[in-house]
Amino acid sequence: MSQPDHAGPQTPDQPAADGGRLKKLLLVGSVGCGKTTLMQRLHGLDFVYDKTQGLEWQDEIFDSPGEFLELWYLRHGLWTASTDVDLVVLMHAATTIEMKIPPGFHTYFTKPVVGVLTKIDIAEPWMIVNGENLLHMAGCRVVHKVSALTGQGIAELLPDLS
Ligand SMILES: Nc1nc2c(ncn2[C@@H]2O[C@H](COP(=O)(O)OP(=O)(O)O)[C@@H](O)[C@H]2O)c(=O)[nH]1
Ligand SMILES: [Mg+2]
C-alpha cells in the first residue's frame, strides 16, 4: 500500500493531552479509520503512518489493528485487551459509509465505551450524520466528532478520556 501524501512526519499544531491525565484507553475501529493517528495526536507525537500489525501500546493507550475488529476470528484480542483498560473507544471514519462495527457491539465489552467519529475535516455533512448514526447503533451513547489531523473536536473529547 502506498503512503498517503500527508503521511508524516508532521507535528500536531495544537497541544495534545498530557498523557498522564488520560484513562487507560483501547482504540477499536476498522483499518484506516484513524486509531493510530488519534493516539499520536493525544500523545503530541509526530504523525507517522505505520500500519498497526498487532496490539500496540504507548503509555495509557492501547492501539489495535483494524483486523481485530474486521476479522471475527481475531476479535477475541479486543476483548482480552479491554480487560486491562478503563474505557473502550469505538472509532469510525466519517468518510466510510458502510457499517464496520456490529450493532450493539458495546455489549461485547465489560468496560464503558465512547464513540469517536474521525476524518470530519474531509467529510460531507451527510457523511458525518451517517457516521454518528452508525456509532450510536454500535452502542455509543456519546459520539465525539473529531479530526485527528487538524485537531478539530479534540478539546471537547479530552474530558471524556480523562
Ligand atoms: N483527513 C484526515 N485523515 C486522517 C484522520 N485520521 C487519520 N487520517 C489518515 O488516515 C490514514 C489512516 O490512519 P491511521 O491512523 O493509520 O488508521 P488506523 O488503521 O485506524 O490506525 C492515514 O493516512 C492518516 O493520516 C483525520 O482525522 N482526518
Ligand atoms: Mg493503526
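**Reading the sheet**

A: Strand 1 (residues 25-29) and strand 3 (residues 61-63) pair in the parallel sense, over three bridges. Two strands pair if DSSP finds at least two bridges between them. Strands (E, at least two residues) and helices (H or I, at least four) are DSSP runs, numbered from the N terminus. The bridge partner of L25 in strand 3 is I61.

This is a predicted model: local features need pLDDT of at least 70, side-chain atom pairs count only at pLDDT 80 or more, and totals for chains, interfaces and linings use all residues. Residues are numbered from 1 along each chain as its sequence is written, while chains are lettered from A and ligands numbered from 1 in the order in which they are written.

Q: What is the order of the six strands in the open sheet?

A: The order is 2-3-1-4-5-6, with mixed pairing. Strand 2 (56-58) and strand 6 (143-145) each have a single partner strand and stand at the edges, so one side of each lacks a neighbour in the sheet. From one strand to the next, the twist averages 25°; angles run from 0 to 180 degrees between N-to-C directions, and axes are lines fitted to C-alpha atoms, for helices over the stretch in contact.

Q: Which strands does helix 1 lie across?

A: Two residues are in contact if their C-beta atoms, placed from the backbone, lie within 7 Å. Helix 1 (residues 35-43) lies across strand 1, strand 2, strand 3, strand 4 (87-93) and strand 5 (113-118), and runs at about 160° to strand 3.

Q: In what sequence do the elements of the protein run from the N terminus on?

A: They run β-α-β-β-α-α-β-β-α-β-α, with five helices and six strands in the protein.
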